[in-house]
Amino acid sequence: MKFKLILTVLAAFALAGQTLAGQSGKGRKVLVAYFSWSGNTRELAGQIAEAAGADIYEIVPAKAYPSDYNTCVAQAKREKQEAARPALKGKLPATKNYDVVFVGFPNWWGTMPMPVATFLDKIDLKGKTVIPFVTHGGGGRQQCIADFRKAAAEADVIEGPVMEGTAVKGAKAKVEAWVREKLR
């Protein structure tokens, strides 16, 4: 009798655990915000938004970056050195409507591009779960996540994927599995 009772209790706990894990991501409102210059971060943001059933918002500077790579790199370096906060185009999303906010960007000079810093300065992330994700051309994470944590200090920051830009197009299944794990 005791053995049967123990099995029943264990089965109930196991079932409750499965149910809770399956439902804990449901009902949360998710936003994916991103800045992209070459298109790699845009592609990854789209994959994350699709997997999460999220709204998507593109961070667009009021003045577009040069399309020439070397000119763009030089401008990004100047902006980093000056801790610039370039103006953004369009209306910012109402982050009060979201529980989880993914923020994606390319690694520029070892950190986030300055339009992303502007975005973080202008939105309210207090008490939100925020998940940065980074694309790069070989530089990896460098100071991207550490600098992001400082800029989003009032949020609960959970590190997201750091992915080489050339790997983004073939990463859909990996991204879907990762998003499911993070939103459980």
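This is a predicted model: local features need pLDDT of at least 70, side-chain atom pairs count only at pLDDT 80 or more; totals for chains, interfaces and linings use all residues.
Which exposed residues sit on the face of α6 turned away from its buried side?

Residues are numbered from 1 along each chain as its sequence is written, and side-chain values use heavy atoms, with hydrogens and water left out.

Now, helix α6 spans residues 172-182; helices here are DSSP runs of H or I with at least four residues, strands are runs of E with at least two, and both are numbered from the N terminus. Its buried residues are Val175, Trp178 and Val179, where buried means under 20% relative accessible area and exposed means over 50%, using a 1.4 Å probe and protein chains only. These three lie on the same side of α6 because they cover an arc of only 100° around the axis, taken from the directions from the helix axis to the C-beta atoms. As a general rule, an α-helix has 3.6 residues a turn, so residues three or four places apart point the same way.

And the answer to my opening: the face turned away carries Ala173 and Arg180.

What covers the buried residues? The cover of α6 includes α2 (40-52), β3 (100-106), β4 (129-136) and β6 (162-164), with contact meaning heavy atoms within 4.5 Å.
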